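Visitor: I would like to learn how to read a few features of a model. Please take me through them one at a time.

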Amino acid sequence: MMDYLFFIVLPYIAVTLLVVVSIYRYVTNKFSYSSLSSQFLEGDELFYGSVPWHIGIIGALTGHVIGFFFPKEVLWFNGVPLRLYVLETTGFVFGLLALIGIVALVWRRITTSRVRSVTSAVDTVVLILLFAQVVLGVYTALFYRWGSSWFAASLVPYLRSLFFFQPDLANILPMPLVVRLHIINAFLLVAIFPFSRLVHMVSIPLTYLWRPYQVVIWNWNRRKTRAQYPASLSR
């Protein structure tokens, strides 16, 4: 029963929330598609956390995407031991970078009062889920080797079975507990994605390529507002 809930019901609920809430949020409040950067509150610790975090998580996610779309090619690539070692080491390094980054970012949120004051409950939940996801991923890479191969051979068929609405748990249930927790946590992140700052991942600022370097948009009537105050204060 719990397997059915976590590996069939949860994925479909998560994806439904991702699609429906993301579209609704964009239509009703597109300017909320932002990371709401706190760089102006604190910049140094942010740099040392954000840079390794983004390098690590982008590298790790790219590896998962390649494994999902090209499982046969990944298995072929891993057929040569040297290439397998290189791929596994690369994935582990990306995981460590992501772990270093998320630890630094969590520490900054906790210890910097100005950043902590603008941290919402959703931010806290997201940080906890991201931290758990990275720890589970690094633990899996460290103690369950050749993850790139068994991801392509076992997890991809499960994910594709969900995509085609024919869930097949045959390859999931024998997996170690830490791997199954990694999967469940991933779907929780998908579910909370549209409610959080993570939406900035899909707001690609392509218009920055051709628009003026800065656009200031007044969202209030300056003349009406300033008329309420003495001239000396409204300048």
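Visitor: What should I know before starting?

Guide: This is a predicted model, in which local features need pLDDT of at least 70 and side-chain atom pairs count only at pLDDT 80 or more, while totals for chains, interfaces and linings use all residues. Residues are numbered from 1 along each chain as its sequence is written, and side-chain values use heavy atoms, with hydrogens and water left out.

Visitor: How many salt bridges are there?

Guide: Side chains of opposite charge can pair when their charged atoms come close. A salt bridge here needs a side-chain nitrogen of Lys or Arg within 4 Å of a carboxyl oxygen of Asp or Glu. The count comes to 1 salt bridge. Asp-123 pairs with Arg-197, and their closest N and O atoms are 2.8 Å apart. Asp-123 sits in helix 6 (residues 121-143) and Arg-197 in the loop between helix 8 and helix 9 (222-226), so the pair ties together parts 74 residues apart in sequence. Helices are DSSP runs of H or I, at least four residues, numbered from the N terminus.

Visitor: Are Asp-123 and Arg-197 buried or exposed?

Guide: Buried means under 20% relative accessible area, exposed over 50%, and partly exposed in between (1.4 Å probe, protein chains only). Both Asp-123 and Arg-197 are buried.

Visitor: At what angle do the axes of helix 7 and helix 8 cross?

Guide: Axes are lines fitted to C-alpha atoms over the stretch in contact, with angles from 0 to 180 degrees between N-to-C directions. Helix 7 (residues 147-163) and helix 8 (residues 177-192) have axes that come within 13 Å and cross at roughly 40°. Angles under 35 degrees count as roughly parallel, over 145 as roughly antiparallel, 65 to 115 as roughly perpendicular, and the rest as oblique. Helix 7 and helix 8 are therefore oblique to each other.

Visitor: Which residues make the nonpolar surface patch?

Guide: Patch residues have over 30% relative accessible area and no salt bridge; nonpolar side chains (Val, Leu, Ile, Met, Phe, Trp, Tyr) are joined within 5 Å. Areas come from the Shrake-Rupley method with a 1.4 Å probe. Val-15, Val-19, Val-20, Ile-23, Tyr-26 and Val-27 make a patch of about 560 Å². Val-27 lies in helix 1 (residues 2-29) and, at 62% relative accessibility, counts as exposed.

Visitor: Where are the positive phi values?

Guide: Trp-146 has a phi of about 65° although it is not a glycine. Trp-146 lies in the loop between helix 6 and helix 7 and is partly exposed at 36% relative accessibility. Phe-165, also not a glycine, has a positive phi near 60°. Phe-165 belongs to the loop between helix 7 and helix 8 and is exposed, at 65%.

Key
Patch = residues over 30% accessible without salt bridge, like charges linked within 9 Å, V, L, I, M, F, W, Y side chains within 5 Å. Helix = DSSP H or I, 4+ residues; strand = E, 2+ residues; numbered from the N terminus.
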